Amino acid sequence: MSALFTPDSKAIFWNNNVKAIQRMLDYGYICRRESPSVVAIVHPSSQSSVQKFFYGPHEVLIPIYKTISDAAEAHPEADCFLNFASFRTAWETTMKAMEFNNIKTLMVTAEGIPERLTRIMVATARKKGKMLVGPSTVGAITPGALKTGNIGGTIENIAKTKLHRPGSAGLVTKSGGLFNELANIISINGDGIAEGVAVGGDRYPGSIFIDHLLRMEKNPTVKYFVLLGEVGGTDEYDVVEAYKEGKLTKPIVALCTGTVAKHLSSGVQFGHAGAKANSDLETADAKNKAMKDAGFNVPDNFNEFPVMIKDTYEDLVAKNQVSAEEISDLPEIPEDYSAAKKEGRVRKQTNFICTISDDRGDEAVYAGVPISSLATPETGYGIGDVITLLWFKKRYPKWATDFIETVLKTVADHGPAVSGAHNTRVTSRAGKDLVSSVVTGLLAIGPRFGGAIDGAAKYFKYGADQQLSARGFVNYMKEKGEPIPGIGHRIKSLKNPDLRVKALIEYAKANFPSTDLLDYAREIEQVTTSKKDTLILNVDGAVGVLLVDMWNALGYSDAEIDQMIDSGALNAFFVLGRTIGFIGHALDEKRLNMPLYRHELDDILYDVDVAEEMTVRVK
Amino acid sequence: MAQRGILEYDAKSLVTRLWNDYIGDSLICNFRSVLVETEDELDTAAKAQDWLNQPGLVVKPDMLFGKRGKNNLVLYKTTTAGDVSLADAKKWIHEKRINEIALLNGEKGWLRRFIIEPFVPHSIEQEYYISFRSETENDVMAISACGGVDIEENWDTVTEVFIPVLSEDKEAKNLILSQIPDEIQERNAVGTLAVGLYSLFKDLHFAYLELNPFVIEGNTIHLLDMVAKLDDTAGYLMQEEWQGIEFPSGFGRAGLTKEEKFITELDEKSGASLKLTILNPKGVVWTLVAGGGASVVFADTIANTWGANELANYGEYSGNPNTEETYYYTKTVLDLMTREKDDKGRNKILLIGGAIANFTDVASTFKGIIQAMEEYAPKMREIGVQIYVRRGGPNYEIGLRNIKTAAKKLKLPIDVYGPETHMTDIVAIAMEDANA
């Protein structure tokens, strides 16, 4: 019988536990395995079909499967199943994995699987001749071959405790934490371990000390045994019997912990489910005595353990039964960036900068304000405040945020006939989803549709900055050959004013500290309306100039306001406001469930000539 | 998480509630039983349940311990069997609950719960025994025609039936039916009962179920005494079946303290493991040990060096708890530890121990410990606390460095060791310092 794992053992790993898998790969790498020890990951809820890992300095991909069957069938070379599922799923996944002939060794980490299910799992494993390690364990390690998940701890600890190459001790423990401790003691006082198993602290482990010791008896690399048991159960007696019967012959250092139990009230449950003596036989003292009587090297207490291991090891050296070779040159594993960064030993330049919000702490913040302290009405923050925090990184006074909200409400919709809303409806009727429909509406926003806010702000501000008279401004625009953005309405006039504009102006007059640009725009309006009645300051124009007045009053510099205009910040108010309308149109279409829209032919002027044939003309 | 005893009352409720599903209506079991803490509660119960007003009651403590008969803790007669009245029962409950009592095995404690049932006249020959327990590979049914208080002495009359854990229902049924002892008169009825109880034992995740004795009269079964343990890890599967059954603390142990309850709740919510048992709040040695295995070794070593009575608490945290969890865990221990000075004027010892962790992040778990230390430093300085640390594992260098720096800043005396020092050496070091 060989060791539990060989350098060719390959595992299917249930659960995408990136850290544990990476440790296995790192371990394989320093052991100079030919290929990674994990060949497949099973993770039903995983979105991706591969996961990146490092193998030494390079990256490798390990496939992720949704089911055990898929993984086992795709990887007939896998002989181990490492189950890192929670206690709720560990049972069914282990039972499933045992159905596959290629899976010979299974390991289950979950603690808290119901005992009956565990017993069914254990009995099934025995019936099918599978080696089951666990549940409730960190598993096993065969130095130089494979380790399961986290056993052995960090890669630095593995090197320090010589777990990367075979020593001469065969180690079995209940506890996973103490497994590491023992490996450390054995590396200090001996030459490390040849193989080791933590059988787990549950009441019904899949394999017990004797299963592993009998295998190790036949493994010539193992020269002596180290056993760490604990109060509860009778597994140590199997080992005692095996010595009496001569099935085990190698020297053994053994100790059972939990001698304290005799001093404690029977109500104390130790950390391990199995660590409770149900009869005198199961006490640590009784088991230690039985082992001592059978000739085991049993230390008086845990403090004596190192000395006893040292004596046993040195005795074997003296008898020339041990000659472990030291492999000193370990392949280097590059340090993980994340670990190095945590310790402040590396730095790197970032590719992105964010100055408006932060999701790294307990709670995401908008410009430093936690969401919970601005979301609900009693916080005094409205949607206008959220906009100014995220767009301008400032909290504006109430007159300004009220104005912003007024703007949004004013521009939210303008009926189904305007290009954006029409687009939205047509797209929605083509059967597209809400986002696609709304986006087609948004894509229509530009210089001709909705874009006049930007333009109005830009040109009126230019005129004011240049101190052009109203007439001079009109002439300037005329020379440019462009209509004045923000001026003109289809039907409204000075006599029949646009009430939306009226309301905006009244609000600004009542609440803004000053409205210089609005006043300038209204002077211009006087000039334009003298030419044509409907060339009034329209909503776009009013919004555009009032936003500039708002920023002026808030103390923004000319340069800052120009930058806002250039970056499209004014247009943004229209985009945001009108999105509300577009969503309304898209939802309306979904409700109405109208068929695909096809334009009436009689509404199209067809003027199609036969295409001209192009010929190559030699110059 | 493990096998936990439940009240006799709850066990009987559970079995009788599912009686028709498992045993069927060919046998009848009348569940007449009340559970009370005081005689006044019994009085209240008697207003709703008239049978309590008829003479012929049986009163027993329901405190998870056995051998109640031998301990003279079953009231079934004043002068003749079956003559116990409501007034007698109330008087008896009062007498038994107001004083601490000692059992034959030396355990001492208070009786806090009593179960009251109707007296069932029967002869000793009618008392049968049946129990089910779990072993690794088999469920074991033990059955005897000689049930009753002397079952242990009569163990040679017990037939044990080993039912392999992978048995199909039918195989199990045949095994059970083929081994009902000949001494049992009502073979068919007992067979039906045994087969049904076994299914219930299995399906409901019992770890142990014992009826001793039960009595058959015609087609009526009297469950005179019942003991049961459930496997509490199955709780998530049994929410409906168990109906929120409680796992009370046993005789001799007060209920969980507030602090123990707090940690139990923390543990239930966490993916990590957090355990705390207060052993002696006046003990001088307090532990904050990582790992189910290491915590036992530390407890052993402290008991060997300082004596078990000086061990203030048993506990462990493991499975990579987060910083917040270790903060609350540590805070709980530090709070208990700093409530009063040591009686003998000694410094208290705080052992922050652990093996070389496999995957628990030492730096982040220690961060929580440090936060709690910062909070409790003034109290710790006031009562005098000497700290000893030994730990290894992922990021242990940072963890050890941080705790050392923090303790120095807080003016708390501390000794810090890593994996180069044998795990439990800090116990001896602490002892030497204390004696110096």
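In helix H16 of chain A, residues A:Phe460, A:Lys461, A:Gly463 and A:Ala464 meet A:Leu517, A:Tyr520, A:Ala521 and A:Ile524 of H19(A), where contact means heavy atoms within 4.5 Å. This is a predicted model, in which local features need pLDDT of at least 70, side-chain atom pairs count only at pLDDT 80 or more, and totals for chains, interfaces and linings use all residues. Residues are numbered from 1 along each chain as its sequence is written, chains are lettered from A and ligands numbered from 1 in the order in which they are written, and side-chain values use heavy atoms, leaving out hydrogens and water.

**The helix pair H16(A) and H19(A)**

- The axes of H16(A) and H19(A) (residues 516-531) come within 10 Å and cross at roughly 95°, with axes fitted to C-alpha atoms over the stretch in contact and angles running from 0 to 180 degrees between N-to-C directions.
- The two helices, H16(A) and H19(A), are therefore roughly perpendicular to each other, a term for angles of 65 to 115 degrees.
- Helices here are DSSP runs (H or I, at least four residues), numbered from the N terminus.

**Salt bridges in chain A**

- Over all chains, the structure holds 54 salt bridges, each a side-chain nitrogen of Lys or Arg within 4 Å of a carboxyl oxygen of Asp or Glu.
- A:Lys461 and A:Asp558 form a salt bridge at 3.7 Å, N to O.
- This pair links distant parts of the chain, 97 residues apart: A:Lys461 lies in H16(A) (residues 452-465) and A:Asp558 in helix H21 (residues 558-566) of chain A.
- A:Lys461 is buried at 3% relative accessibility, while A:Asp558 is partly exposed at 40%; buried means under 20% relative accessible area, exposed over 50%, and partly exposed in between (1.4 Å probe, protein chains only).
- A:Asp293 and A:Lys289 also pair, with their closest N and O atoms 2.9 Å apart, and both residues are exposed.

**Salt bridges in chain B**

- B:Asp335 and B:Arg339 meet in a salt bridge of 2.7 Å, N to O, and B:Arg339 is partly exposed at 45%.
- Salt bridges that share partners join B:Glu8, B:Lys12, B:Lys60, B:Arg68, B:Glu117 and B:Asp225 into one network.

Note on methods:
Parallel < 35°, antiparallel > 145°, perpendicular 65-115°, else oblique.
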